[in-house]
Amino acid sequence: MIIATHGIVASQIQSFVGLLDLYPSAAAAYSLRKLRSAYTGSAIRVRRSSDNTEQDIGFVNNALDTSSLTSFCGSGNGFVTTWYDQSGNGYNATQSTASYQPQIVSNGSMLTTNSKPSLKFDGTNDNMSTTDTPFSAT
């Protein structure tokens, strides 16, 4: 039985299809948006400036859980320590040196580009790296 509500027939409702659902052979994939419908991990791990406590931040409706992120950071700053690889290959990008970590929250406010959450790399020494590389040097 199909039930119609507000002119939408249940059989017409599309489920989320991520970029990695369409192109599943990525060596590594990083985003503040969900890239694979079956991905159940977090997007990033964040360190708050007030006490250097870290917490994983996941997704809500396939986008970064900005409410949890800003609640965790409070009125301080938030810095990304780990950017999780959504490809399933485990090439998480990390940065353990606090002064090299990209920023995502400034004074309690989410950093955005075009109204979407974004990371701020300082252009000098902020970087993230993987211990293993999915890319061939040859």
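Predicted model: local features only at pLDDT ≥ 70, side-chain atom pairs only at ≥ 80, totals over all residues.

Residues are numbered from 1 along each chain as its sequence is written, and side-chain values use heavy atoms, with hydrogens and water left out.

**Whole chain.** Show the cartoon: you'll see 2 helices and 12 strands. These are DSSP runs numbered from the N terminus (helices H or I, at least four residues; strands E, at least two). Starting at the N terminus, the order is β-β-α-β-β-β-β-α-β-β-β-β-β-β. Of the 138 residues, 33% are buried, meaning under 20% relative accessible area, with exposed over 50% and partly exposed in between (1.4 Å probe, protein chains only).

**Surface patch.** Now select V17, L19, L22 and Y23, which make a nonpolar surface patch of about 450 Å². Patch members have over 30% relative accessible area and no salt bridge; like charges are joined within 9 Å, nonpolar side chains (Val, Leu, Ile, Met, Phe, Trp, Tyr) within 5 Å. Areas come from the Shrake-Rupley method with a 1.4 Å probe; for residues, only the protein chains shown count as cover. Zoom in on L22, in helix α1 (residues 19-22): L22 is exposed at 54% relative accessible area.

**R36.** Next, pick R36 in the loop between α1 and β3 (44-48). R36 is buried yet has no salt bridge (a side-chain nitrogen of Lys or Arg within 4 Å of a carboxyl oxygen of Asp or Glu). The nearest side chain of opposite charge is D21, 5.0 Å away; Lys and Arg count as positive and Asp and Glu as negative, with His and the chain ends not counted. Leaving aside residues up to four places away in sequence, R36 touches F16, G18, L20, D21, P24, Q86 and S87 (heavy atoms within 4.5 Å).
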